[in-house]
Structure formats: structure tokens, C-alpha cells
Amino acid sequence: MVSGSGICAKRVVVDARHHMLGRLASIVAKELLNGQKVVLVRCEEICISGGLVRQKMKYMRFLRKRMNTKPSHGPIHFRAPAKIFWRTVRGMIPHKTKRGEAALARLKVYEGIPPPYDKMKRMVVPDALKVLRLQKGHKYCLLGRLSSEVGWNYYDTIRTSNMIQSHRAGKKRKERAHLVYERKKQLSKLRVKAEKVADEKLGSQLDVLAPVKY
């Protein structure tokens, strides 16, 4: 990313799993304004501090805020985790200016890990990780679970898709590890064979070399 390094990567893919919502949004907003293109995957596994019941009550209060005469004019209440995160970032950017509009256009958000990002290197943001930022014992809930409680219908579908992807990745990793192990065994056998041939060629010279621990 831009901050700290001074180098702007073409596109940064962030795995949003187990990051705190507000902290991640603020860091992403700053990067977008600095000109960085950011892609977030697995938005359904973003964490929010506070228990699920409390967060659901807050969201239900938010759903009641609408225009009396024409509710379709706004505010728009997104249910999908990716859109909720997008709206959070939008609130941290001056999106009604040209600069803010361009910054928001550099952000892409997804549930799950769609192609081609499943083949790309993904990074985390240490300053927003739950294990580093949320105090031990404090309650939290997943954004995907909250979304499913307030009207998003794809939580189970995305979770199943993630499990299948993880299983496939694990299978490929095992296959690669097996190939490396077999190659290592073959090299070990060849080494033993080469040592045996060398011993036969040296013959009596080994007795001379033994005292100097060759």
C-alpha cells in the first residue's frame, strides 16, 4: 500500500476475514484517497465489536430511518456485507467531490473470493486485525451473520463456497507436498547409491582416510 512504503502497487487484494469493520474501513479510505486501488474479498467475515443481538437492534433502528413521502429516495439500507462495508468507507470519503468520487471508484468489494482473486496473493492489515485490536473476552459478531439476520439470503451459500474452495486448496497443497516428498526420497536413494559406488571405487584408500576422519 501507499502508506509507509511510498510505493503504489497496481492493485492490492485484502482478505477482510477477522478484521474490525471501522478500523479496516478507515485505513482503506485513506489508501483510496492516496490513489491506491483496493480489492476486498470475504467481506462476510469482517468483525464488529459488540454482540449480535446488540448490533441487530442498532441495525433495526437504522432501518426505520427513511423518507416519509418517498422511501426510495433514501437513505438506502444495504443488507449485503460487501455493500455495508462499501457504505462505511463512503462515509469516510468526501464522495460528493470529484476527488472522492474517483477514490470510491478505486474500491471493489466482494463476498467470498471470486475469480481471478482466488489465484492472487492476498494480504491482511495488521492495524485492523481482531486478534490485535479487540480486547480479550470482548463480544463481537460477524458482518455476514448480521446481514443474514436483517435480510441477506446468501450467507449459507457463500460459506459453503468458501469451504469448497478451502478444501480444494488443501487438496492441491497435499498433492504438491506429496510430489516434493517423493522427489526427496528418490534423491536420497540416489545419494546412498552414489556413496556405495564411491566406496567400492576407493576400496583400500578408505582405511588411509579413516584416521583423519574424512
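Trainee: Which order do the three strands of the open sheet have?
Mentor: The order is 1-2-4, and the pairing is parallel. Keep in mind that this is a predicted model.

Trainee: Which ones are the edge strands?
Mentor: Strand 1 (12-15) and strand 4 (107-109). Each of them pairs on one side only.

Trainee: What does the twist average from one strand to the next?
Mentor: It averages 20 degrees.

Trainee: How many bridges hold for strand 1 and strand 2?
Mentor: Four bridges, in the parallel sense. Strand 2 covers residues 38-41. For a spot to look at, V14 stands opposite L40 in strand 2.

Trainee: Which strands does helix 1 lie across?
Mentor: Helix 1 (residues 21-33) lies across strand 1, strand 2 and strand 4. Its direction is at about 155 degrees to strand 2.

Trainee: What about H18, in the loop between strand 1 and helix 1? What is its phi?
Mentor: H18 has a positive phi of about 60 degrees, although it is not a glycine.

Trainee: Is H18 buried, exposed or partly exposed, and why?
Mentor: H18 counts as partly exposed because its relative accessibility is 26%, and that class runs between 20% and 50%.

Trainee: And where is R42?
Mentor: R42 sits in the loop between strand 2 and strand 3 (47-49). R42 is not a glycine either, and its phi is positive, about 55 degrees. R42 is buried, because its relative accessible area is 18% and buried means under 20%.

Trainee: New topic. How many aromatic pairs are there?
Mentor: The count comes to five aromatic pairs. One of them is F78 with W86, which is edge-to-face. Their centres are 6.1 Å apart, with 85 degrees between the planes. F78 and W86 are both buried.

Trainee: What does K83 do around those rings?
Mentor: The charged end of K83 sits over the ring of F78, 5.0 Å from its centre. K83 also lies over the face of W86, at 4.4 Å from the ring centre.

Trainee: Which residues do ring pairs link into a cluster?
Mentor: W152, Y154 and Y155. W152 is buried, at 7% relative accessible area.

Trainee: Last one. Where is the cis peptide bond with omega about -5 degrees?
Mentor: It joins G74 and P75. P75 is in the loop between helix 2 (52-63) and helix 3 (81-90). The peptide bond from P115 to P116 is also cis, with omega near 5 degrees. Look for P116 in the loop between strand 4 and helix 5 (130-133).

Note on methods:
Residues numbered from 1 in each chain as written. Predicted model: local features only at pLDDT ≥ 70, side-chain atom pairs only at ≥ 80, totals over all residues. Heavy atoms only, no water. Phe/Tyr/Trp six-rings, centres within 6.5 Å; stacked < 30°, edge-to-face > 60°. Buried < 20%, exposed > 50% of the residue type's maximum accessible area, 1.4 Å probe, protein only. Lys NZ or Arg CZ within 6 Å of the ring centre and 35° of its normal. Pairing = 2+ DSSP bridges. Helix = DSSP H or I, 4+ residues; strand = E, 2+ residues; numbered from the N terminus. Axes fitted to C-alpha atoms, helices over the stretch in contact; angles between N-to-C directions. Contact = heavy atoms within 4.5 Å.
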